[in-house]
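Let's walk through this structure together, from its overall layout down to a few individual residues. Keep the view open as you read.

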Amino acid sequence: MITIKILTGSVRPGRFNIQPATWIYEIAKKRKEIKVELVDLQEVNLPFLDEPVPPSAKKYTKEHTIRWSKIIEESDGFIFVTPEYNHSYSPVLKNAIDFVWQEWNYKPVAYISYGSAAGGTRAVEHLRTIAAQTKMYDLNEQIALANYWEHLDKNGKYQFTKENDQAANALLDSLIFWAKKMKEARKELNS
Ligand SMILES: Cc1cc2nc3c(=O)[nH]c(=O)nc-3n(C[C@H](O)[C@H](O)[C@H](O)COP(=O)(O)O)c2cc1C
């Protein structure tokens, strides 16, 4: 059994983020072969990085870092749900990534983004460079919701389409395949 964690990339009051994050979580939950968890950075509530030693050394001194390390350690793959802020991803996501390092290594990551005409793709391009540095396996699969506000109903609820659901399942197929392979590979690396 592998574990996939979905990270919310916005903690703003009234954030749109929780809608695509919950949507992919509900679809992923239908997969019997995985354990899936929605990790809401609003609840995790990390301060700005406050460890004296660079995270790659894994010498944590703070309770919140140890807790965060465990959350990331026990996952075999990730979905980052990211907004686009000034053509990049959010500071809360960067801070959460920076807190630990080895825990990300050799695990696949896929993306869901949203924003105006570019659908948050510029944010994801930046995340891909971070994925390389954290030794993650950066998947091609990505869902980008362009001008998302045009697809909200009168209650502010995003109207996901059949095509969106198909793309979500293709993303999950790839993520699960690589999460399994990389879990095996990590065992080899550690032996
Ligand atoms: C600080 C800030 C910068 C933004 N910059 C961009 C941008 O560069 N590109 C874009 O498509 N949308 C941009 N937006 C609009 C966001 O796409 C929109 O506000 C979205 O709802 C933010 O995600 P959130 O509600 O989950 O926080 C920006 C929003 C904020 C708050």
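Starting at the N terminus, the elements of the protein chain follow the order β-α-β-α-α-β-α-β-α-β-α. That makes six helices and five strands. Do keep in mind that you are looking at a predicted model.

As a general point, strands in a sheet pair through backbone hydrogen bonds, in either a parallel or an antiparallel way. Here, five strands form an open sheet in the order 2-1-3-4-5, and the pairing is parallel. Strand 2 (34-39) and strand 5 (137-146) are found at the edges; each has a single partner strand, so one side of each has no neighbour in the sheet. On average, neighbouring strands of this sheet are turned by 15 degrees against each other, direction ignored.

Now zoom out to the whole chain. The C-alpha trace spans about 50 × 35 × 25 Å along its principal axes. A compact globule of 191 residues would have a radius of gyration near 16 Å, and the chain agrees with this, at 16 Å. Of the 191 residues, 36% count as buried. Among contacts with a separation of 6 or more, 80% are between residues 24 or more positions apart.

Finally, turn to the ligand. It is surrounded by 13 residues, the closest being Ser10, Asn17, Pro83, Gly115 and Ser116. This shell divides into four nonpolar, six polar and three charged residues.

Note on methods
Residues are numbered from 1 along each chain as its sequence is written. This is a predicted model: local features need pLDDT of at least 70, side-chain atom pairs count only at pLDDT 80 or more; totals for chains, interfaces and linings use all residues. Helices (H or I, at least four residues) and strands (E, at least two) are DSSP runs, numbered from the N terminus. The radius of gyration is taken over C-alpha atoms; the globule rule is 2.2 Å times the number of residues to the power 0.38. A residue is buried if 20 or more other C-beta atoms lie within 10 Å of its own, exposed if 12 or fewer, and partly exposed in between; C-beta atoms are placed from the backbone. Two residues are in contact if their C-beta atoms, placed from the backbone, lie within 7 Å. A residue is near a molecule or strand if its C-beta atom, placed from the backbone, lies within 6 Å of it. Ala, Val, Leu, Ile, Met, Phe, Trp, Tyr, Cys and Pro count as nonpolar, Asp, Glu, Lys and Arg as charged, and the others, Gly among them, as polar. Two strands pair if DSSP finds at least two bridges between them. Axes are lines fitted to C-alpha atoms, for helices over the stretch in contact, and angles run from 0 to 180 degrees between N-to-C directions.
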